[in-house]
Amino acid sequence: MARPRGFDEETAVHRATDVFWRKGFHATSTRDLGEALELNPSSLYRTFGDKRRLFLRTLDHYRATESSDGCQRFRNANPTMDGLTDAVAAVALGSDAQAPDPAGCFVVNTAAEMGGTDPDIARRTETAFDLTRAGLADLLTRMRDSGEIPVEADPHKLTDLLFTLILGWRLRARAGHAPRDIRSSIEHAIGLLG
């Protein structure tokens with residue numbers, strides 16, 4: 001299949017993101033990408049260079065959309081325990097938690113699959129993680145300033161703790177654990193802050 005008429009590169013990156021998100025970098029074949037993007041291999045390579053370069057584009061796309069949305073969710077949350085719980089649950093469970101085969105978080109999946117073996121990929125996953133941490137630190141700082149959590153609480157240390165827990169909850173969501181069980185764990189963990 002040749003490059004279709006009216007081909008939109010951003011739509012193609014979005015579709016490729018879905019493929020890599022579900023299958024991972026190593027399990028995704030050029031054929032998988034060609035079918036999803038409706039491109040033959042030569043058009044795929046001519047447009048994106050190679051699989052790795054396309055993968056980097058998908059990580060950038062995810063950071064600009066999903067990771068940015070997660071950061072904004074924390075920044076928009078009410079600085080209360082309920083607001084924190086709801087925001088953490090939304091980010092930890094993701095939008096597909098009720099799906100029969102939840103995808104989890106693309107960045108968490110990538111970090112688990114690739115680790116630090118590729119500096120460009122590691123840099124992109126950390127940049128996406130930084131967005132989550134920044135939004136969470138903002139919310140926790142507002143909670144401390146409003147007296148919702150103790151004044152001596154360090155928002156940055158709490159951010160590190162909750163971020164680590166969020167990564168674990170995201171993996172549980174990917175593994176198909178019941179959202180109600182994850183939500184219960186989130187509520188218990190946040191209850192310990194009070």
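Let's start with Ala112, which sits in helix 6. Please keep in mind that we're looking at a predicted model. Is Ala112 buried or exposed? Its relative accessibility is 59%, and the cut-off for exposed is over 50%, so Ala112 counts as exposed. Now find Phe20 on your screens: 92 residues along the chain separate it from Ala112, and the C-alpha atoms of the two are 13 Å apart.

Helix 4 gives the most, with 6 residues.

In total, 23 residues line the pocket. If you'd like to find the middle of it, look for Tyr62, Glu66, Gly70, Val91 and Arg170, which lie nearest the centre. What kinds of residues make up the lining? Sorted by class, we have 12 nonpolar, 6 polar and 5 charged ones.

Let's finish with two of those helices, helix 4 and helix 7. Their axes come within 9 Å of each other and cross at roughly 5°. Angles under 35 degrees count as roughly parallel, and therefore helix 4 is roughly parallel to helix 7. As for the residues where helix 4 and helix 7 make contact, 11 are nonpolar, 6 are polar and 8 are charged.

Note on methods
Residues are numbered from 1 along each chain as its sequence is written. This is a predicted model: local features need pLDDT of at least 70, side-chain atom pairs count only at pLDDT 80 or more; totals for chains, interfaces and linings use all residues. Side-chain values use heavy atoms; hydrogens and water are left out. On a 1 Å grid over the protein atoms alone, a cavity is a set of points where a 1.4 Å probe fits but cannot get out, and a pocket is an open set with protein on both sides within 12 Å along at least five of seven lines; lining residues have an atom within 4 Å of a point. Helices (H or I, at least four residues) and strands (E, at least two) are DSSP runs, numbered from the N terminus. Ala, Val, Leu, Ile, Met, Phe, Trp, Tyr, Cys and Pro count as nonpolar, Asp, Glu, Lys and Arg as charged, and the others, Gly among them, as polar. Buried means under 20% relative accessible area, exposed over 50%, partly exposed in between (1.4 Å probe, protein chains only). Axes are lines fitted to C-alpha atoms, for helices over the stretch in contact, and angles run from 0 to 180 degrees between N-to-C directions. Angles under 35 degrees count as roughly parallel, over 145 as roughly antiparallel, 65 to 115 as roughly perpendicular and the rest as oblique.
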